[in-house]
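Hello,

Here is the structure I promised to pass on to you. Have a look at it first, and then read my notes below.

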Amino acid sequence: MIASTALRNAVRVGSRRPMSTASAPKTHMAKDVWPELQKTRPPPGHDHTVFEPPYNTAVVAAGVVTVITTGYGMMYFGMRHQQYKQGYWK
């Protein structure tokens, strides 16, 4: 029994799997589309492309308050649901 198991494992390790007939995945390289990428770049000397001050204080404050309130609300109502579900609160 041990000999047949060892032989079976040796054959399995030594055998080679057949190569796949599926085509290789496409590789997308920057060198293939470099002229198009260069057209989307900012002009030389331009440091930032996304976040540029001045920021509107009211919009930033509303965003911060919204994120904090939403997070607190989710935590509170999740905790409240578990307390009722587990019978600690009635």
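What is the accessible surface of the chain, and what share of it belongs to carbon and sulfur atoms? The accessible surface comes to about 9100 Å², and 65% of that belongs to carbon and sulfur atoms. Please keep in mind that this is a predicted model.

Let's begin with the overall layout. The chain has 3 helices and 0 strands, so its pattern along the sequence is simply α-α-α.

Along the principal axes, the C-alpha atoms fill a box of roughly 75 × 65 × 20 Å.

Now zoom in on helix α3, which covers residues 57–85. This helix has 29 residues and spans 42 Å from its first C-alpha to its last, close to the 42 Å expected at 1.5 Å a residue. At its start, a side-chain oxygen of N56 comes to within 3.2 Å of the backbone nitrogen of A58. Following α3 you will find G87, with a positive phi near 85°.

While you turn the helix on screen, here is a handy rule: an α-helix has 3.6 residues a turn, so residues three or four places apart point the same way.

Finally, the charges. The chain carries 11 positive and 4 negative side chains, and the centres of these two sets are 29 Å apart.

Enjoy exploring!

Best wishes

How values were computed: Residues are numbered from 1 along each chain as its sequence is written. This is a predicted model: local features need pLDDT of at least 70, side-chain atom pairs count only at pLDDT 80 or more; totals for chains, interfaces and linings use all residues. Side-chain values use heavy atoms; hydrogens and water are left out. Helices (H or I, at least four residues) and strands (E, at least two) are DSSP runs, numbered from the N terminus. The expected span of a helix is 1.5 Å times one less than its number of residues. A polar contact is a pair of N or O atoms within 3.5 Å; within protein, one must be able to donate a hydrogen and the other to accept it, and residues adjacent in sequence count only if both atoms are side-chain atoms. Accessible areas come from the Shrake-Rupley method with a 1.4 Å probe; for residues, only the protein chains shown count as cover. Lys and Arg count as positive and Asp and Glu as negative; His and the chain ends are not counted. The place of a charge is taken as NZ of Lys, CZ of Arg, CG of Asp or CD of Glu.
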